[in-house]
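Here are some notes for the file on this chain. Please read them with the model open.

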Amino acid sequence: MFTTLLNIARRHIIWFGAFKFAAGLAVGFMMGIYFLPILTAEQGLDDQTLAARQNSAERVGIFRRDLAGSDRFHWGEGQIMVNDTQIWLDGEIAPGPDYRLYLTPSFVETKADFLAIKDQSVMVSPIKAYKNFSVDIPTGITARSYPAVLIWCEAFGAFITAAQLK
């Protein structure tokens, strides 16, 4: 009888240990997805560079946290500026993996709205910094042709933020 109870206890201990290991692995993986982009993010523009570029901006938009498609994990805040060769942000976006900057044919503020116009939008560049980022516009893309800019997470198909350019 004692041996039978001991065998049952061992089996349950092994299953409990395996469950704890699997749960810890899953939590660690999810934390890695979130924290790895933060740890490997590039440095954004400094204040002097932002001030020097201010006069070259041809169009400006505002990223706001209160867009319909934004939430506490997916947001942007600050002033996005565009000229013929570059797009840069004086502000901050929520950290995350695989962000892309798009020029869009109209201003949208939800995932569903963006998916409806994604094929008409132009992906400008990946975003590697979360504060004061700057990206070069590839040759062949005319930024003046697009009235809005949007940040999208390709890995998870998540809307981050958008701004209408004026």
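How many helices and how many strands does the chain have?

1. Content. There are three helices and eight strands. Keep in mind that this is a predicted model.

2. Order of elements. Read from the N terminus, the chain runs α-α-β-β-β-β-α-β-β-β-β.

3. Overall dimensions. The radius of gyration is 22 Å, whereas a compact globule of 166 residues would come in near 15 Å. Along the principal axes, the C-alpha atoms occupy a box of roughly 85 × 35 × 30 Å.

4. The sheet. Four strands form an open sheet in the order S5-S4-S7-S8. Their pairing is antiparallel. Strand S5 (122–126) lies at one edge and strand S8 (158–164) at the other, since each pairs on one side only. From one strand to the next, the twist averages 25°.

5. The S4/S5 pairing. Which residue of S5 is the bridge partner of Leu101? Ser125 is that partner. Strand S4 covers residues 99–104 and pairs with S5 through four bridges, in the antiparallel sense.

6. Burial and surface. Of the 166 residues in the chain, 36% are buried.

7. Contacts along the sequence. Take the contacts between residues at least 6 apart in sequence: 65% of them join residues at least 24 apart.

How values were computed:
Residues are numbered from 1 along each chain as its sequence is written. This is a predicted model: local features need pLDDT of at least 70, side-chain atom pairs count only at pLDDT 80 or more; totals for chains, interfaces and linings use all residues. Side-chain values use heavy atoms; hydrogens and water are left out. Two strands pair if DSSP finds at least two bridges between them. Helices (H or I, at least four residues) and strands (E, at least two) are DSSP runs, numbered from the N terminus. Axes are lines fitted to C-alpha atoms, for helices over the stretch in contact, and angles run from 0 to 180 degrees between N-to-C directions. The radius of gyration is taken over C-alpha atoms; the globule rule is 2.2 Å times the number of residues to the power 0.38. Buried means under 20% relative accessible area, exposed over 50%, partly exposed in between (1.4 Å probe, protein chains only). Contact means heavy atoms within 4.5 Å.
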